[in-house]
Amino acid sequence: MKTIDSLITFENPIGNQIPNINLYMDQLLEYFNNTLGELKRQNEDTVFTKTMINNYVKSNLITSPDRKKYSHETICDLVLVYHLKRAFSIPDTTVILNAVKKDPQYYENFTQIQTDIRRSLLSTIPTPLSADSAIELLTQLSAEISIKKQLAEQLIDYLSSDIEVQK
């Protein structure tokens with residue numbers, strides 16, 4: 001059984017935890033199941049499927065494989081996609097990923113921001129966690145997520161219209 005602490009303290013793979021060699025699809029899927037699998041809500045959930053990854057390539061969300069192998073950068077992109085797809089549509093995820101990738105250190109920066117937020121949130125979880133305090137925290141987080149998602153969508157729309165104007 002997963003605990004709240006184990007989920008909130010999860011850290012994205014960094015450095016040598018990300019393969020520096022290109023991976024075939026089956027290797028890629030195995031890597032993500034091993035690396036991000038603990039974030040699955042239900043055991044039967046999948047991190048990625050072949051179909052999902054092929055659709056991401058077709059929609060230009062991630063780079064096409066080179067000779068059926070996926071690069072280090074694509075692996076980093078897919079880690080971000082995994083997190084983003086939980087809250088945003090694929091078109092919105094594409095805008096976000098394209099925007100953050102303007103920074104050469106996009107993966108490291110995204111990962112560091114997530115780590116900082118996780119550590120901050122960890123301090124807000126009462127111990128021991130009672131049903132009442134869980135409801136209170138859930139209410140607070142749900143309201144916060146709702147407002148932050150609205151703002152994120154407005155920023156996505158702004159960046160999408162800005163991109164269209166610049167073309």
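Predicted model: local features only at pLDDT ≥ 70, side-chain atom pairs only at ≥ 80, totals over all residues.
The secondary structure of the protein comprises seven helices and two strands. Along the sequence, these elements follow the pattern α-β-α-α-β-α-α-α-α. The C-alpha trace spans about 55 × 40 × 25 Å along its principal axes. Of the 167 residues, 33% are buried. Contacts between residues at least 6 apart in sequence were also examined: 70% of them join residues at least 24 apart. The accessible surface comes to about 10,900 Å². Carbon and sulfur atoms account for 55% of that surface.

Helix α2 covers residues 25-36. Its 12 residues reach 16 Å from first C-alpha to last, close to the 16 Å expected at 1.5 Å a residue. The buried residues of α2 are M25, L28, L29, Y31, F32, T35 and L36. Seen down the helix axis, these buried residues fall within an arc of 160°, so they line one face of α2. An α-helix has 3.6 residues a turn, so residues three or four places apart point the same way. The face turned away from the buried side of α2 carries the exposed residues D26, E30 and N34. On the buried side, α2 packs against β1 (23-24), α3 (50-58), β2 (69-70) and α4.

L29 is one of the buried residues of α2. The relative accessible area of L29 is 13%; the residue counts as buried because this value is under 20%. Beyond residues up to four places away in sequence, L29 touches F48, T49, K50 and I53. S160 lies 131 residues from L29 in sequence, and the C-alpha atoms of the two are 31 Å apart in space.

Helix α4 covers residues 72-84. From first C-alpha to last, its 13 residues reach 19 Å, close to the 18 Å expected at 1.5 Å a residue. In α4, 11 of the 13 residues are buried, so the helix is largely enclosed by the rest of the structure. The buried residues are T74, I75, C76, D77, L78, V79, L80, V81, Y82, H83 and L84. They pack against β1, α2, α3, β2, α5 (90-100) and α6 (106-122).

D77 belongs to this buried set in α4. Its relative accessible area is 0%. Leaving aside neighbours within four places in sequence, D77 is in contact with I62, L97, K101 and Y106.

Local backbone features occur in two loops. In the loop between α3 and β2, R67 has a positive phi of about 55° although it is not a glycine. R67 is exposed, with a relative accessible area of 70%. K68 is found in the loop between α3 and β2 as well. Phi of K68 is near 70°, a positive value in a residue other than glycine. K68 is exposed, with a relative accessible area of 64%. The other loop joins α6 and α7 (131-166) and contains P128. The peptide bond from T127 to P128 is cis, with omega near -5°.

Conventions: Residues numbered from 1 in each chain as written. Heavy atoms only, no water. Helix = DSSP H or I, 4+ residues; strand = E, 2+ residues; numbered from the N terminus. Buried < 20%, exposed > 50% of the residue type's maximum accessible area, 1.4 Å probe, protein only. Contact = heavy atoms within 4.5 Å. Expected span 1.5 Å × (residues − 1). Arc of directions from axis to C-beta. Areas by Shrake-Rupley, 256 points an atom, 1.4 Å probe, with all protein chains shown as cover.
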